[in-house]
Every structure is written in C-alpha cells, then in structure tokens.
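Visitor: Could you walk me through this one slowly? I'm new to reading structures.
Guide: Gladly; take a look, and ask as we go.

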Amino acid sequence: MSTSALAESTRATSERNQLNYAAKKAKGLGFAIAALPLFLTLAVWQFYLFVTFKGTNGTLESHGGYIHLVIAMFVALLACITGFFVFSVFLRRDREDELHITVIGLKRSVTARDFNE
C-alpha cells in the first residue's frame, strides 16, 4: 500500500470515528433531554404521595410516607444533575475556535522598570 493510500485510509477512518462520536453524543444528549421531564414528573408525583399519605384510619397522617419523600428528593436531585449536564452542553464554546485577544491603542511599551515601581 502506498503512503498516499495509507494516509487517505487513515483520514477516512478518523472522519468516520468523529462522526460516530458525534452521533453517540447527540443520542446521549437526546436521552438526557427526554429524561429530564420524566424525572421532574416522578419527583412531583412522589412528593404528592408524601403530602397526601393517609394512615390506616383514612385520615391524613403527617408521620407516614417518608419513603415517598426520600424518593422525591433523590429523583429531584437526579433531575438537577441531569439539567446541569444538559445546559452545560449548550453553553460550551466550540473547542476548535481559537480565542484571539488583541489590544488596540497601547501608547507605550511595557518595560521591566514599570514593574519595579
């Protein structure tokens, strides 16, 4: 196999791997976006079950149903973590873009003497 053919094959494999990574990342993000409302709904439902828990005599009981409260808090925490990861993906700056900082209007150059004063 010639050098140019090998380089072309390597480039094609690299592009294919990048596309597979992008597809997997998009699938994971779609799953997280779909799971977020599910987690929120489950947390609200478990909290509702905790608040409306009835004892054996049919009256509201304030000391029962703590498992519903624990489940609601756990799922709400899971929803917050999922939401953080989803929004952090949308706020991420493109890694291939370079950030160039230029300074316009410097009137004089900075010397070592400026730092000693």
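Visitor: Where is Phe 85?
Guide: Phe 85 lies in helix α2, where helices are DSSP runs (H or I) of at least four residues, numbered from the N terminus. This is a predicted model, in which local features need pLDDT of at least 70 and side-chain atom pairs count only at pLDDT 80 or more, while totals for chains, interfaces and linings use all residues. Residues are numbered from 1 along each chain as its sequence is written, and side-chain values use heavy atoms, with hydrogens and water left out.

Visitor: Is Phe 85 buried or exposed?
Guide: Phe 85 counts as exposed because its relative accessibility is 52%; exposed means over 50% relative accessible area, buried means under 20%, and partly exposed is in between, with a 1.4 Å probe and protein chains only.

Visitor: Which residues make the nonpolar surface patch?
Guide: Leu 77, Ile 81, Phe 84 and Phe 85 make a nonpolar surface patch of about 440 Å². Patch residues have over 30% relative accessible area and no salt bridge, and nonpolar side chains (Val, Leu, Ile, Met, Phe, Trp, Tyr) are joined within 5 Å, like charges within 9 Å. A salt bridge puts a side-chain nitrogen of Lys or Arg within 4 Å of a carboxyl oxygen of Asp or Glu. The area itself comes from the Shrake-Rupley method with a 1.4 Å probe, and for residues only the protein chains shown count as cover.

Visitor: New topic: what about Gln 46?
Guide: Gln 46 sits in helix α1, which covers residues 3-51, and Gln 46 counts as buried because its relative accessibility is 7%.

Visitor: What does Gln 46 touch?
Guide: Leaving aside residues up to four places away in sequence, Gln 46 touches His 68, Ile 71 and Ala 72, a contact being heavy atoms within 4.5 Å. The side chains of Gln 46 and His 68 also make a polar contact at 2.9 Å.

Visitor: And Leu 78?
Guide: Leu 78 is in helix α2, residues 66-91, and counts as partly exposed because its relative accessibility is 31%.

Visitor: Where is confidence lowest and highest?
Guide: Confidence is lowest in helix α3 (residues 112-116), with a mean of 60, and highest in α2, at 89; these are pLDDT values, the predictor's confidence in each residue from 0 to 100. Where pLDDT is low, the predicted coordinates should not be read in detail.

Conventions. Helices (H or I, at least four residues) and strands (E, at least two) are DSSP runs, numbered from the N terminus. A polar contact is a pair of N or O atoms within 3.5 Å; within protein, one must be able to donate a hydrogen and the other to accept it, and residues adjacent in sequence count only if both atoms are side-chain atoms.
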